[in-house]
Amino acid sequence: MTGPEFELEFKVRDYECDMDHVVNNAVYLNYLEHARHELLQARGLKFGELSKRGISLVVTRVEIDYKGSLVSGDSFVVRTRLQRSGRIRFLFHQRIHRQSDDRLMLDAVVTGTALNARGRPEFPPELDKAFD
């Protein structure tokens, strides 16, 4: 895996919970995405600048193992590591831990790539630098 683990803290909000008073499974995808964006920004990638050049960073696969349920008011941390996977893919290894007891709540691997304006995979130099 490339570079140190990136950590981002969150707190569950009431409206993110379902009828059983736990975080809805789909909401975890938002937490993971926000942490990925923050990691890439911390490594100098600017989505707006890439987009102006016709480069889109896209998710092609998400694998999630739910290990526990967060509830309203829980503080938690998303831990993310970035890994290159072949010529045109990259992986985000992500885990969510509840802060009160560091319990693993979710384990995920998110696969992504970059597409050029023609919709073809392309690995721009800026993205390459994120792996240094």
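Two strands are said to pair if DSSP finds at least two bridges between them. The exercises below apply this rule and others to a predicted model.

**Exercise 1. Determine how strand β4 is paired with β3 and with β5.**

Solution. 
Step 1. Strand β4 comprises residues 89–98, and strand β3 comprises residues 75–85.
Step 2. Between β3 and β4 there are 10 bridges, and the two strands run antiparallel.
Step 3. Individual partners can be named: Thr80 has Gln94 as its bridge partner in β4, and His93 stands opposite Val109 in β5.
Step 4. The connections are hairpins. The hairpin of β3 and β4 has 3 residues between the strands, and Gly86 in its turn has a positive phi of about 80°. The hairpin of β4 and β5 has 5 residues between the strands, and there Asp102 takes a positive phi near 60°.

**Exercise 2. Decide whether Gln94 is buried or exposed, and describe its surroundings.**

Solution. 
Step 1. Gln94 is found in strand β4, in which 7 of the 10 residues are buried.
Step 2. The relative accessibility of Gln94 is 0%. Buried means under 20%, so Gln94 is classed as buried.
Step 3. The side chain of Gln94 makes a polar contact of 3.1 Å with the side chain of Thr80. Thr80 is also the bridge partner of Gln94.
Step 4. Leaving out residues up to four places away in sequence, Gln94 touches several others, including Leu32, Ala35 and Arg36, as well as Leu106 and Val110.

**Exercise 3. Locate Asn116 and explain why it is classed as buried.**

Solution. 
Step 1. Asn116 lies in a loop, between β5 (104–115) and α3 (125–129).
Step 2. Its relative accessible area is 9%. Since the limit for a buried residue is under 20%, Asn116 is therefore buried.
Step 3. The side chain of Asn116 reaches the backbone nitrogen of Arg118 at 2.9 Å.
Step 4. Not counting residues up to four places away in sequence, Asn116 touches Gly54, Ile55 and Glu122.

**Exercise 4. Identify salt bridges in the model and state which parts of the chain they link.**

Solution. 
Step 1. Side chains of opposite charge can pair when their charged atoms come close. In this model the count comes to 8 salt bridges.
Step 2. One of them joins Arg95 and Glu5, whose closest N and O atoms are 2.3 Å apart. Arg95 lies in strand β4 and Glu5 in strand β1 (residues 2–11), so the bridge ties together parts that are 90 residues apart in sequence. Arg95 is partly exposed at 27% relative accessibility, and Glu5 is partly exposed at 27%.
Step 3. Another salt bridge joins the side chains of Arg53 and Glu126, at 2.2 Å from N to O. This pair links distant parts of the chain, 73 residues apart: Arg53 is in the loop between α2 (47–52) and β2 (56–66), and Glu126 is in helix α3. Arg53 is partly exposed, with a relative accessible area of 45%, and Glu126 is partly exposed at 30%.
Step 4. Arg61 and Glu63 also meet through their side chains, at 3.2 Å from N to O. Arg61 is partly exposed at 48%, as is Glu63 at 37%.

**Exercise 5. Find which residues form a nonpolar surface patch with Val59, and describe the setting of Val59.**

Solution. 
Step 1. Val59 forms the patch with Leu29 and Val62, and together the three have about 220 Å² of accessible area.
Step 2. Val59 is placed in strand β2, whereas Leu29 is found in helix α1 (residues 27–42).
Step 3. A patch residue needs over 30% relative accessible area. Val59 has 44% and is partly exposed, and Leu29 has 39% and is partly exposed.
Step 4. Apart from neighbours within four places in sequence, Val59 is in contact with Arg36, Val110, Thr111 and Gly112.
Step 5. Val59 and Leu91 are 32 residues apart in sequence, and their C-alpha atoms are 9.5 Å apart in space.

Definitions and conventions: Residues numbered from 1 in each chain as written. Predicted model: local features only at pLDDT ≥ 70, side-chain atom pairs only at ≥ 80, totals over all residues. Heavy atoms only, no water. Helix = DSSP H or I, 4+ residues; strand = E, 2+ residues; numbered from the N terminus. Buried < 20%, exposed > 50% of the residue type's maximum accessible area, 1.4 Å probe, protein only. Polar contact = N/O pair within 3.5 Å; in protein donor to acceptor, adjacent residues only side chain to side chain. Contact = heavy atoms within 4.5 Å. Patch = residues over 30% accessible without salt bridge, like charges linked within 9 Å, V, L, I, M, F, W, Y side chains within 5 Å. Areas by Shrake-Rupley, 256 points an atom, 1.4 Å probe, with all protein chains shown as cover. Salt bridge = Lys/Arg side-chain N within 4 Å of Asp/Glu carboxyl O.
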